[in-house]
Amino acid sequence: MMRLTSAGWMAAGVVATGLAVAGCGPSAEEKRAAADAKAASFTPPSVTSRLDFGSAMTRRFRALDRNADEYIDETELPSRNSRLRRLDRDKDGRISAIEFSEGMLGWFDRVDTNHDGTITSDEREAARSDPDASAALDRTEAYKRPE
Ligand SMILES: [Ca+2]
Ligand SMILES: [Ca+2]
């Protein structure tokens, strides 16, 4: 029991470290995005419930939507080649609140491989090799692949 518990904390520490390292994006836009995310108090816990994830993503949307018009437009994207662009399903050049939350929750459900409504550190680690998943996880998009 004790061993399981301490192993759990260690895993949580590894995840937290990884996310902290991801915070050093090189561009000014990414730094600004990171600052915005910090302002929104977005701190992913090691075990994330779907409900917590949804409200964290709502805070993220609010942080990105600077003019509060319920859309993330070109000027509000965290970077020019932001992966968030793929959430723009109707291709009108901006991401609505619904496109954002449905896209993010769709990602959550893909990562939640045993479909119990929570993402554990293990599932999060497994998702790290999935580029879509890392885009959703990593608010500074430091993991983006060269395109
Ligand atoms: Ca907006
Ligand atoms: Ca759209």
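This is a predicted model: local features need pLDDT of at least 70, side-chain atom pairs count only at pLDDT 80 or more; totals for chains, interfaces and linings use all residues.
Helix H3 passes helix H4 in a right-handed crossing. From H3, the residues Arg50, Phe53, Gly54, Met57, Thr58 and Phe61 take part. They meet Ala97, Phe100, Ser101, Met104, Leu105 and Phe108 of H4. Sorted by class, this contact has eight nonpolar, three polar and one charged residues.

Now the wider chain. It has six helices and four strands. Along the sequence the order is α-α-β-α-β-β-α-β-α-α. Of its 147 residues, 27% are buried. Among contacts with a separation of 6 or more, 55% join residues 24 or more positions apart.

Next, the interior. In soluble globular proteins, nonpolar side chains tend to be buried together. Here the largest nonpolar core has 20 residues. Met57, Ile72, Phe100 and Phe108 have the most contacts inside it. Helices H2 (28–39), H3 (50–64) and H4 (97–111) each supply at least two residues of this core. H3 gives the most, with six.

Is Asp52 buried, exposed or partly exposed? Asp52 counts as partly exposed, because it has 14 C-beta neighbours inside 10 Å. Asp52 and Thr118 are 66 residues apart in sequence. In space, their C-alpha atoms are 9.3 Å apart.

Most residues other than glycine have a negative phi. Ala68 has a positive phi of about 55 degrees, although it is not a glycine. Why is Ala68 classed as exposed? Ala68 is exposed because 7 other C-beta atoms lie within 10 Å, and the cut-off for exposed is 12 or fewer.

Lys91 is the other case. Lys91 has a positive phi of about 55 degrees and is not a glycine. Its loop runs between E2 and strand E3 (95–96). Lys91 counts as exposed, because it has 7 C-beta neighbours inside 10 Å.

Note on methods:
Residues are numbered from 1 along each chain as its sequence is written. Chains are lettered from A and ligands numbered from 1 in the order in which they are written. A nonpolar core is a set of buried Ala, Val, Leu, Ile, Met, Phe, Trp, Tyr and Cys residues joined through C-beta atoms within 7 Å. Two residues are in contact if their C-beta atoms, placed from the backbone, lie within 7 Å. A crossing is left-handed if the near helix is turned anticlockwise from the far one by less than a right angle, and right-handed if clockwise. Ala, Val, Leu, Ile, Met, Phe, Trp, Tyr, Cys and Pro count as nonpolar, Asp, Glu, Lys and Arg as charged, and the others, Gly among them, as polar.
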